[in-house]
Amino acid sequence: MVRSRRAGVSLLELMIALSVIAIALLGIVGVLLQTLSVKEANREQQSAKTAATRRLEIVRTAAQSDFATVAATYAGSTFSVPDLSNLATADKRGLGTVLIDSSNPNLLDVRILITWAGVRGDSRYEVRSMLTR
């Protein structure tokens, strides 16, 4: 008696094919999640950069009009950054701090520091500028 071979896919072949597809899909989902995390980290960094630059421009403008009182007015001052989160602040927003070294009467070393709780943990961004009389 001659047996004819049936055309089709066995259950074992089907399970192997589905396993390969599942592993590939898991890899794609992992890459997608990593991409979203990087995108959010970049957004946070850009928000911090924008906030720091804006505050530096405020200090720079004040220095142009009244250089002598800038350090007393802005040194140690803080401000919130609404696009960032920080659990350590009362309003849960990112925290910006203005640091000014005025040891030289004709030169101000201005640092703007932004801290926040980001998708990659505690994060910080700093911008620094020298202002002259």
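This is a predicted model: local features need pLDDT of at least 70, side-chain atom pairs count only at pLDDT 80 or more; totals for chains, interfaces and linings use all residues.
Student: What's the strand order in the open sheet?
Tutor: β1-β2-β3-β4, with antiparallel pairing. Strands are DSSP runs of E, at least two residues; helices are runs of H or I, at least four. Pairing takes at least two DSSP bridges.

Student: Which are the edge strands?
Tutor: β1 (78–85) and β4 (121–132), each pairing on one side only.

Student: How many bridges join β1 and β2?
Tutor: Five, in the antiparallel sense. Thr78 has Thr97 in β2 as its bridge partner.

Student: And which strands does α1 touch?
Tutor: Helix α1 (residues 11–65) packs on the sheet and touches β1, β2, β3 (107–118) and β4. Contact means heavy atoms within 4.5 Å.

Student: What about α2?
Tutor: Helix α2 (residues 67–74) also packs on the sheet, touching β2, β3 and β4.

Student: New topic. Where does the largest share of the pocket lining come from?
Tutor: From α1, with six residues. The lining includes Arg54, Arg55, Phe79 and Asp83. A pocket is an open set of points on a 1 Å grid over the protein atoms alone, where a 1.4 Å probe fits, with protein on both sides within 12 Å along at least five of seven lines; lining residues have an atom within 4 Å of a point.

Note on methods
Residues are numbered from 1 along each chain as its sequence is written. Side-chain values use heavy atoms; hydrogens and water are left out. Axes are lines fitted to C-alpha atoms, for helices over the stretch in contact, and angles run from 0 to 180 degrees between N-to-C directions.
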